[in-house]
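Trainee: I have a new structure to read. Can we go through the reasoning behind its labels?
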Amino acid sequence: MTTESNATAMGQDLPAGPSADSSVPDTYHDHESALNWALRLESAAWFPLILAIISFLVLAAELFTYGPQAMRAGGLEAYLSISLPLLIPTEAAVVTASLFVLMRAASQALLLLLDIQEKPTAP
């Protein structure tokens, strides 16, 4: 016996294909909401990148400020004393650049998901 005859013999109908239920709205995949979130993430990702660039510029300014002082003073203590003012902008630049990459990746993932959902299935 085939699956079709088993299903009809038990009084069950076979599940209809996606083309048969085209009048029922798909509430699980909200295309507009996913697209809005992707665009929001894409535009909001630029804010951390701007902060990363500003942090990098602050780091460069502090290098030129504290570098000559440390070279004149010499020794390990001078380099340790400038490490904290240099470490804070470095961490800020790394964290905000990573946040930029993560937000862009999430946005691209949502757009890819929407492309996959829109792809017509083969008959």
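Mentor: Start with a term. A helix here is a DSSP run of H or I with at least four residues, numbered from the N terminus. Val58 sits in helix H3, residues 46-73. Keep in mind that this is a predicted model.

Trainee: How many helices and strands does the protein have?

Mentor: There are 4 helices and 0 strands. Along the sequence the pattern reads α-α-α-α.

Trainee: Why is Val58 called partly exposed?

Mentor: Its relative accessible area is 37%. Buried means under 20% and exposed means over 50%. The value for Val58 falls in between, so Val58 is partly exposed.

Trainee: What does Ser55 touch, leaving out residues up to four places away in sequence?

Mentor: Ser55 touches Pro89, Ala92 and Ala93. Each counts as a contact because heavy atoms come within 4.5 Å.

Trainee: What makes up the largest nonpolar core?

Mentor: Five names: Leu59, Ala70, Ala78, Ile82 and Leu86. H3 and helix H4 (75-118) each give two or more residues to this core. The largest share, 3 residues, comes from H4. Core members must be buried and joined through side-chain atoms within 4.5 Å.

Trainee: Why might such side chains gather?

Mentor: In soluble globular proteins, nonpolar side chains tend to be buried together.

Trainee: Which residues does Ala70 contact, leaving aside neighbours within four places in sequence?

Mentor: Ala78, Tyr79 and Ile82. Ala78 and Ile82 are also in the core with Ala70.

Trainee: Where in the chain are the two partners?

Mentor: Trp46 is in helix H3 and Phe100 in helix H4, 54 residues apart.

Trainee: Are they buried or partly exposed?

Mentor: One of each. Trp46 has 40% relative accessibility, so Trp46 counts as partly exposed. Phe100 has 13%, under the 20% limit, so Phe100 counts as buried.

Trainee: How do you know that Glu42 and Arg104 form a salt bridge?

Mentor: Their closest N and O atoms are 3.0 Å apart. The cut-off is within 4 Å, so the pair qualifies. The structure holds 1 salt bridge.

Trainee: What does the pair tie together?

Mentor: Glu42 lies in helix H2 (residues 31-44) and Arg104 in helix H4, so the bridge joins parts 62 residues apart in sequence. Arg104 is partly exposed, because its 24% falls between the two limits.

Trainee: How much of the whole protein counts as buried?

Mentor: Of its 123 residues, 18%. The accessible surface comes to about 9,500 Å², and 68% of that belongs to carbon and sulfur atoms.

Methods:
Residues numbered from 1 in each chain as written. Predicted model: local features only at pLDDT ≥ 70, side-chain atom pairs only at ≥ 80, totals over all residues. Heavy atoms only, no water. Buried < 20%, exposed > 50% of the residue type's maximum accessible area, 1.4 Å probe, protein only. Areas by Shrake-Rupley, 256 points an atom, 1.4 Å probe, with all protein chains shown as cover. Salt bridge = Lys/Arg side-chain N within 4 Å of Asp/Glu carboxyl O.
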